[in-house]
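Reader: I am new to reading protein models. Could you take me through one part closely, in plain steps?

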Amino acid sequence: MLEALRSGWITTGPKAKRFEQEFAAYVGAKHALALAHCTGALHLALWSLGIGQGDEVITTPFTFTATAEVMGYLGARPVFVDVDPGTFNLNPARVEEELESGRHKRVRALLPVHFAGQVCDMDRLLKIVRDYDLKIVEDAAHAVSAARHMEGRGMAQVGTIGDLTCFSFYATKNFTTAEGGMITTADDALADKIAVASLHGMNKDAWKRYDKSGSWYYEIHDMGFKYNLSDVHAAIGLAQLKRAEDFKRRRAEIARRYGEALRSDDALQPPYVEPGVEHAWHLYVMRLRPEKLRIGRNQFVETLRERGVGCSVHCIPLHTMHYYQQMYGYRTGDFPVAEDIYSRCFSLPIYYSMSDEDVDYVIDTVLKIARENRR
Ligand SMILES: Cc1ncc(COP(=O)(O)O)c(C=O)c1O
């Protein structure tokens, strides 16, 4: 970072380029395009596929608003489909039902989210994409370093599976550039289109116009956006990338310890991991079994907070939110699985620098609150 600051070149330049190359190598992707954030990545991904006014994109309601809000930027409509009760991911059987229902004439793409870092059932989603001639954009904001066993392929790294994959390097993510994102793709034409569009639609490498080899001349090739990643941010990414495997190992270790301990009390439901998934453990989302407890999720989380354990709730289903109801006519009750998960889930702390003592304290505190409040 200091190198970038001292070089006098602080915006998009050589470090952003290197970050793209090293990230592509880390994931095993053909192209990686560094961007300002995952929200911009999702927007550009859908735009690059030509999705626009009146088009529909199938996605999950159990996600952060960025996943679906970008559809609104393009005049497209999010078609929410309920999630799987085990993985919290888009349920392929429900996706097929929705496509078969005849309710939609303009579905152009699927936008699954690898929620919490658990990779979706990509074999089934890719089959749907082939059967219905759709595109697939993966929201991998939670899933850097995640992988899944796929038929005929073995382990497939997230970033090498769908048409376009969008990552987030937001401050809370598994590895961060403070703010930042990345798109990976194997498609040369899409990669070119996104590279140009991410910086005002200027011809490729227009950022070089200020260096010795550059020229003042630039051409505007296409519609453009301002979604480039600065070299200062990319420098953080380059340093974080070196530690990505350590981050992943530590998160997996914490998740394993939580899982083993929490299984001892049947009022607690640790997350389910599908066979063949290498989970990124961005979030550790556990559930309560309300029939076994005298207190609900809100009070459980509040009691944890009082005892020094900060928890959050991921996610509030989008279809229950004002904007999605006003704009698209969704109603609370539309997606009962997502609503049931939301009503009884919360996320335990999980991060690389968490000490073993902290992990033990969280486990002891959760178990104690469950015991104190048993029905
Ligand atoms: C599932 C999901 N998608 C997209 C985003 C947006 O990421 P960014 O903040 O990098 O735009 C987030 C951010 O938290 C997210 O959780």
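**A close look at the nonpolar core**

Author: Start with the largest nonpolar core of this predicted model, which has 45 residues. Phe19, Phe23, Ile58, Leu110 and Phe175 touch the most other members. Several elements give two or more residues to this core, among them helix 2, strand 1 (31-35), strand 4 (107-111) and helix 9 (244-262). The core also draws at least three residues from each of domain 1 (2-243) and domain 2 (245-372).

Now pick out Phe23. Phe23 is buried, and Phe175 is buried too. Leaving aside residues up to four places away in sequence, Phe23 touches Ala32, Val144, Phe167, Phe169, Phe175, Met182, Thr184 and Leu241.

Look next at the rings. The count of aromatic pairs comes to 23. One of them joins Phe23 and Phe175. Their centres are 6.3 Å apart, and their planes are 55° apart, a tilted pair. Phe23 lies in helix 2 (residues 14-27), while Phe175 lies in the loop between strand 8 (164-168) and strand 9 (181-185), so the pair ties together parts that are 152 residues apart in sequence.

Other rings join up as well. Ring pairs link Phe80, Tyr323, Tyr324, Tyr328, Tyr330 and Phe335 into a cluster.

The charged end of Lys193 sits over the ring of Trp47, 5.0 Å from its centre. For Arg297, the charged end sits over the ring of Tyr342, at 4.9 Å from the centre.

Terms used: Residues numbered from 1 in each chain as written. Predicted model: local features only at pLDDT ≥ 70, side-chain atom pairs only at ≥ 80, totals over all residues. Heavy atoms only, no water. Phe/Tyr/Trp six-rings, centres within 6.5 Å; stacked < 30°, edge-to-face > 60°. Helix = DSSP H or I, 4+ residues; strand = E, 2+ residues; numbered from the N terminus. Buried < 20%, exposed > 50% of the residue type's maximum accessible area, 1.4 Å probe, protein only. Lys NZ or Arg CZ within 6 Å of the ring centre and 35° of its normal. Core = buried A, V, L, I, M, F, W, Y, C linked by side-chain atoms within 4.5 Å. Domains from an automatic or database assignment. Contact = heavy atoms within 4.5 Å.
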